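Please read it alongside the sequence and the structure shown here.

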Amino acid sequence: MLDLARLRALHAVSVHGTVGAAATALGYTPSAVSQQIAKLERETRTTLLERRGRGVALTDEALRLVETAGQLMSLVERAETDLEERRGVPAGRLAIAAFASAARGLMPRVLADLAERHPALDARMSEVDPHLSVDLVAKGAVDLAVAHDWDIAPLPAPPGVEQAVIGDDLCDLVVPVGHRLAGRPAVRREELRGERWIAQPPGLVCHDWLVRTLREAGCEPDIAHTAEENPTLVALVAAGLGIALIPRLGRGPLPEGAVTVRLDPLPVRRLYALWRTGAARRPAITATVHSLRSHWTP
């Protein structure tokens, strides 16, 4: 008889890529995950993980087990959803993935609200890039994701994943005090030619949006500095090292050396909650989406 917890551990390694990342997602130690998989190897008399440099790779037999594990986890989720729906009370563990700005500017209020209103619900959050989090929902690694897209880069929702709009996050141009654009009521994108930019690293949604938008306006962006965290971007702007486009969610007060200018047309990114179709009836999902919307302040 295969143990579901051990199959879940193997599935997590497949989804997250490493034993350490799988352990973080499951709330275990890496040693505990390794032990679960070692026991599964003994039970199946099969090698499931192979060393590849400093990491591990799943064998063909492991990949087949992962597929089966995904099906079993879907059945378990269906049973848990049915029981929770019958009780009518949000309960059990709910794994939430949220992108950085939402994790800082929205989720603290939401998690506190859920803890106060629904003590039987154990909501746990991890910070994940929005496009990665959608895949984690689809694979069953998390129950709900808070993600975003931009007007020219829609967020794909794969089959079996539902979504609901939380709200629209407006973005401002942040420039150093004394910059030629500071104090202007609004600036058009075509006026940004020749500026030095501070942006998120390539491959992240905000970076790709910035590059595509400026190119469509006839401006080839000169990105001088990159950083993942918005507070770091703002600090670099305040030091006079360039300008940046920063969403309002989770931005916080600006330091003395930086001011905002409205960009025309105003850039907007839309926030979504995403979950698997099979879990749509869970009161925990309904309660979390309601809390996300009620605590949203554009």
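Helix 8 (205-216) provides four residues of the lining of the largest cavity, the largest share; helices (H or I, at least four residues) and strands (E, at least two) are DSSP runs, numbered from the N terminus. This is a predicted model, in which local features need pLDDT of at least 70 and side-chain atom pairs count only at pLDDT 80 or more, while totals for chains, interfaces and linings use all residues. Residues are numbered from 1 along each chain as its sequence is written, and side-chain values use heavy atoms, with hydrogens and water left out.

**Cavities**

- On a 1 Å grid over the protein atoms alone, a cavity is a set of points where a 1.4 Å probe fits but cannot get out, a pocket is an open set with protein on both sides within 12 Å along at least five of seven lines, and lining residues have an atom within 4 Å of a point.
- Grid points are joined across faces, edges and corners, and a volume is the space filled by probe spheres set on the points.
- The structure contains two cavities of 30 Å³ or more; the largest holds about 100 Å³ of space.
- Strand 8 (196-199), helix 8 and helix 9 (230-238) each give at least two residues to the lining of the largest cavity.
- That lining comprises eight nonpolar, three polar and no charged residues, where Ala, Val, Leu, Ile, Met, Phe, Trp, Tyr, Cys and Pro count as nonpolar, Asp, Glu, Lys and Arg as charged, and the others, Gly among them, as polar.
- The second largest cavity has a volume of about 40 Å³, and helix 8 again supplies the largest share of its lining, four residues.
- W209, L210 and L245 are among the residues lining the largest cavity, and W209, L210 and L245 are also among those lining the second largest cavity.

**Nonpolar core**

- A nonpolar core is a set of buried Ala, Val, Leu, Ile, Met, Phe, Trp, Tyr and Cys residues joined through side-chain atoms within 4.5 Å.
- The largest such core has 26 residues, of which L144, V146 and L292 touch the most other members.
- Helix 10 (283-294) contributes the most to this core, with five residues.
- Among the residues that L144 touches (heavy atoms within 4.5 Å), not counting those up to four places away in sequence, are V137, I285 and L292.

- The largest pocket has a volume of about 1200 Å³; of its 44 lining residues, R8, A95, G140, A141 and D143 are the closest to its centre.
- Helix 4 (60-87) gives the most to that lining, with 13 residues.
- The lining of the largest pocket divides into 19 nonpolar, eleven polar and 14 charged residues.
- The second largest pocket, of about 290 Å³, is lined by 17 residues, and A100, D129, Q200, L204 and E228 lie nearest its centre.

Note on methods
Buried < 20%, exposed > 50% of the residue type's maximum accessible area, 1.4 Å probe, protein only.
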